[in-house]
Amino acid sequence: MSLFENNPHSTVKQMLDHDAVIIDVRTPAEFMGGHVVDSVNIPLNTLRDRLDEIKAISIPIVLCCASGGRSGQATSFLKQEGVLCENGGGWMQVNALVNS
């Protein structure tokens, strides 16, 4: 039996409730314009170069961006690399889940 349900929003919420790391894959300029508190900015175009760093994270990861598109790409790539992660969608959606 899985810790998480099959509903992606429930999965993300449960991951956040269990102290998942939030990685925001937007550009540094976008990140500086607003982001989830304590999230880490690793832009999408740097994921491959920072893969060892990401793989060293021992807890689940929730990815976010502006709308969910780039974080979806990042999630697909990281899952192929064996990383436990989910796409949280837009950072404002993730922020609402963190604060709910």
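Predicted model: local features only at pLDDT ≥ 70, side-chain atom pairs only at ≥ 80, totals over all residues.
**Overall architecture**

The protein contains five helices and four strands. Read from the N terminus, its elements follow the order α-β-α-β-α-β-α-β-α. The radius of gyration is 12 Å, close to the 13 Å that the globule rule gives for 100 residues, so the protein is as compact as a globular protein of that length. Along the principal axes, the C-alpha atoms fill a box of roughly 40 × 30 × 20 Å. Of the 100 residues, 44% are buried. Among contacts between residues at least 6 apart in sequence, 59% join residues at least 24 apart.

**The sheet**

The four strands form an open sheet in the order S2-S1-S3-S4, with parallel pairing. Strand S2 (40-41) and S4 are the edge strands, each pairing on one side only. Strands of a sheet pair through backbone hydrogen bonds, either parallel or antiparallel.

Across the sheet, the pairing can be followed strand by strand. S1 and S2 run parallel and are joined by two bridges; Asp 24 has Asn 41 as its bridge partner in S2. Strand S1 (residues 21-24) is joined to S3 by four bridges, and these two strands also run parallel. Here Val 21 has Ile 61 as its bridge partner in S3. Ile 61 stands opposite Cys 85 in S4, and Leu 63 stands opposite Asn 87 in S4.

Strand S3 (residues 61-65) is largely enclosed by the rest of the structure, because five of its five residues are buried. In a regular strand the side chains alternate between the two faces of the sheet. In S3, Ile 61, Leu 63 and Cys 65 point one way, while Val 62 and Cys 64 point the other way, and all are buried.

S3, helix H4 (residues 69-80) and S4 together make a right-handed β-α-β unit. H4 lies across S3 and S4 and runs at about 175° to S4. Helix H5 (residues 91-98) also packs on the sheet, where it touches S1, S3 and S4; its direction makes about 110° with that of S4.

**Cysteines of S3**

How many disulfides does the model contain? The count comes to zero. Cys 64 is in no disulfide, and its nearest cysteine sulfur, that of Cys 65, is 7.1 Å away. Seen from Cys 65, the closest cysteine sulfur is in Cys 64 at 7.1 Å, too far for a bond, since a disulfide requires sulfur atoms within 2.5 Å. Cys 64 counts as buried because its relative accessibility is 0%. Cys 65 is likewise buried, with a relative accessible area of 0%.

**Loop residues**

His 35 is found in the loop between helix H2 (28-32) and S2. Not counting residues up to four places away in sequence, His 35 touches Asp 24, Arg 26 and Trp 91. His 35 and Asp 49 are 14 residues apart in sequence, and their C-alpha atoms are 22 Å apart in space.

Most residues other than glycine have a negative phi, and most peptide bonds are trans. Asp 19 has a positive phi of about 65° although it is not a glycine. Asp 19 lies in the loop between helix H1 (8-17) and S1. Asp 38 also has a positive phi, of about 70°, and is not a glycine. The loop that holds Asp 38 is between H2 and S2.

| Residue | Relative accessibility | Class |
|---|---|---|
| Asp 19 | 60% | exposed |
| His 35 | 30% | partly exposed |
| Asp 38 | 71% | exposed |

Which residues does the exposure threshold of over 50% apply to? Asp 19 counts as exposed because its relative accessibility is 60%, and Asp 38 is exposed because its relative accessible area is 71%. His 35, at 30%, counts as partly exposed.

Key
Residues numbered from 1 in each chain as written. Heavy atoms only, no water. Buried < 20%, exposed > 50% of the residue type's maximum accessible area, 1.4 Å probe, protein only. Pairing = 2+ DSSP bridges. Right-handed = clockwise from strand over helix to strand, strands pointing away. Contact = heavy atoms within 4.5 Å. Axes fitted to C-alpha atoms, helices over the stretch in contact; angles between N-to-C directions. Rg over C-alpha atoms; globule rule 2.2 N^0.38 Å.
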